[in-house]
Amino acid sequence: MMRVVVLRSPKQNDSYALAMQEAGFDVKFIPTLHFDFVSQRELSDAVSNPSHYSGLILTSQTAVEACSRALSVSRQYAIGRKHDGVLKGWSSMPVFVVGTATAEAAHSWLAVTPEGGGAHGNSKLLAQAIIEYFMGTDRAQLKPLLFPCSDLHMETLPSILQEAGLPLSCVVSYRTIPHPDLQRCLREEEEAILPHGKVWLVFFSPSGVQFVSQLARPLLEAGGTKLAAIGSTTAEAITKIGLRVSAVAMAPTPQSLVSAMAASDHL
């Protein structure tokens, strides 16, 4: 049974774990990223005033959580005023997200229904969808799109939207840092696998690629290691550090990942 190391924190009834176990893999999760929420006052002011914007862009579940936290600490909410009006304001305008998991989080935590239901699997596809949505709109009259993001966010989406003349208001809402247990867990995995084993390493973000490559390069370069990526952006981050990607899940779903890995194993 081939081992799969999933480089993110596990979730209750994790759909990735279930799908890979059903496919016959031995699955282990290693918490990889940790998030420090920042600029909460600035983001609170922003999310509490949806009328100042033309829409909301959420590229991760962490961005959704940042917005939810910001709402909970907003002054209007703290003095007892219901934030239903704020949420209703966002629900009446377009909300754009990457992936179904982010869409589900946005619906659950912010009571909004994203455009396309999270069908856009990466920032480039999402940016194109946003441009199409506002096709024919007078750019001069358009209010900015609110984009809560990480300090390590890629410039792909902002660059595409700015080139299309769409105004964007970026608020760095969380810092992405290595999980405190990452180095220890990677060292344990190296000791268990490097001498004789084969393993899949599954990456979910460019940040994960960056931190793991800094801490466990020998594991990444070992002959028995195969690398899988969720999405083309994460795959590009792997190739940029000189490593080969064996499987790319083009949709951010367990089924897409398992299919890509199975196809690679049969080559």
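A residue is buried when its relative accessible area is under 20%. In this predicted model, Ser48 has a relative accessibility of 11% and is therefore buried. Ser48 is located in the loop that runs between helix H2 (40-47) and strand S4 (55-58). A polar atom of the Ser48 side chain lies 2.7 Å from the backbone oxygen of Ser44.

## Tyr16 and Phe204

Seven is the number of interest for the aromatic rings: the count comes to 7 aromatic pairs. One of them joins Tyr16 and Phe204, whose ring centres are 5.1 Å apart; their planes stand at 80°, so the pair is edge-to-face, given that angles over 60 degrees fall in that class. The two residues are 188 residues apart and belong to distant parts of the chain. Tyr16 is in helix H1 (residues 15-22), while Phe204 is in the loop between strand S8 (199-203) and helix H10 (206-215).

Phe204 has a relative accessible area of 21% and is partly exposed. Phe204 also has a charged neighbour: Arg8 lies over the face of the Phe204 ring, at 4.9 Å from the ring centre.

## Ser205 and the S8-H10 loop

The loop between S8 and H10 also holds Ser205. With a relative accessible area of 17%, Ser205 is buried, whereas Phe204, in this loop as well, is partly exposed at 21%. The side chain of Ser205 reaches the backbone nitrogen of Gly208 at 3.1 Å.

## A further aromatic cluster

Another group of rings is found elsewhere in the chain. Phe35, Phe37 and Tyr174 form one aromatic cluster.

## The cavity and its lining

How many cavities of 30 Å³ or more does the model contain? The count comes to 1 cavity, and the largest cavity has a volume of about 40 Å³. Val47, Leu56, Cys67, Leu71, Leu87, Trp90, Leu110 and Val112 line the largest cavity.

Helix H3 (61-72) and helix H5 (84-91) each contribute at least two residues to this lining. By class, the lining is made up of 8 nonpolar residues, with no polar and no charged ones.

## Thr62 in helix H3

Helix H3, one of the helices that supply the cavity lining, also contains Thr62. Is Thr62 buried or exposed? At 12% relative accessibility, Thr62 counts as buried. Thr62 and Val5 are 57 residues apart along the chain, and their C-alpha atoms are separated by 22 Å.

## Leu152 and Val172

Leu152 occupies the loop between strand S6 (145-150) and helix H8 (156-163). Its relative accessibility is 31%, so Leu152 counts as partly exposed. Between Leu152 and Val172, which are 20 residues apart along the chain, the C-alpha separation is 9.0 Å.

Conventions
Residues are numbered from 1 along each chain as its sequence is written. This is a predicted model: local features need pLDDT of at least 70, side-chain atom pairs count only at pLDDT 80 or more; totals for chains, interfaces and linings use all residues. Side-chain values use heavy atoms; hydrogens and water are left out. Rings of Phe, Tyr and Trp (its six-membered ring) pair if their centres lie within 6.5 Å; planes under 30 degrees apart count as stacked, over 60 as edge-to-face and the rest as tilted. Helices (H or I, at least four residues) and strands (E, at least two) are DSSP runs, numbered from the N terminus. Buried means under 20% relative accessible area, exposed over 50%, partly exposed in between (1.4 Å probe, protein chains only). A charge sits over a ring if NZ of Lys or CZ of Arg is within 6 Å of the ring centre and within 35 degrees of the ring normal. On a 1 Å grid over the protein atoms alone, a cavity is a set of points where a 1.4 Å probe fits but cannot get out, and a pocket is an open set with protein on both sides within 12 Å along at least five of seven lines; lining residues have an atom within 4 Å of a point. Grid points are joined across faces, edges and corners, and a volume is the space filled by probe spheres set on the points. Ala, Val, Leu, Ile, Met, Phe, Trp, Tyr, Cys and Pro count as nonpolar, Asp, Glu, Lys and Arg as charged, and the others, Gly among them, as polar. A polar contact is a pair of N or O atoms within 3.5 Å; within protein, one must be able to donate a hydrogen and the other to accept it, and residues adjacent in sequence count only if both atoms are side-chain atoms.
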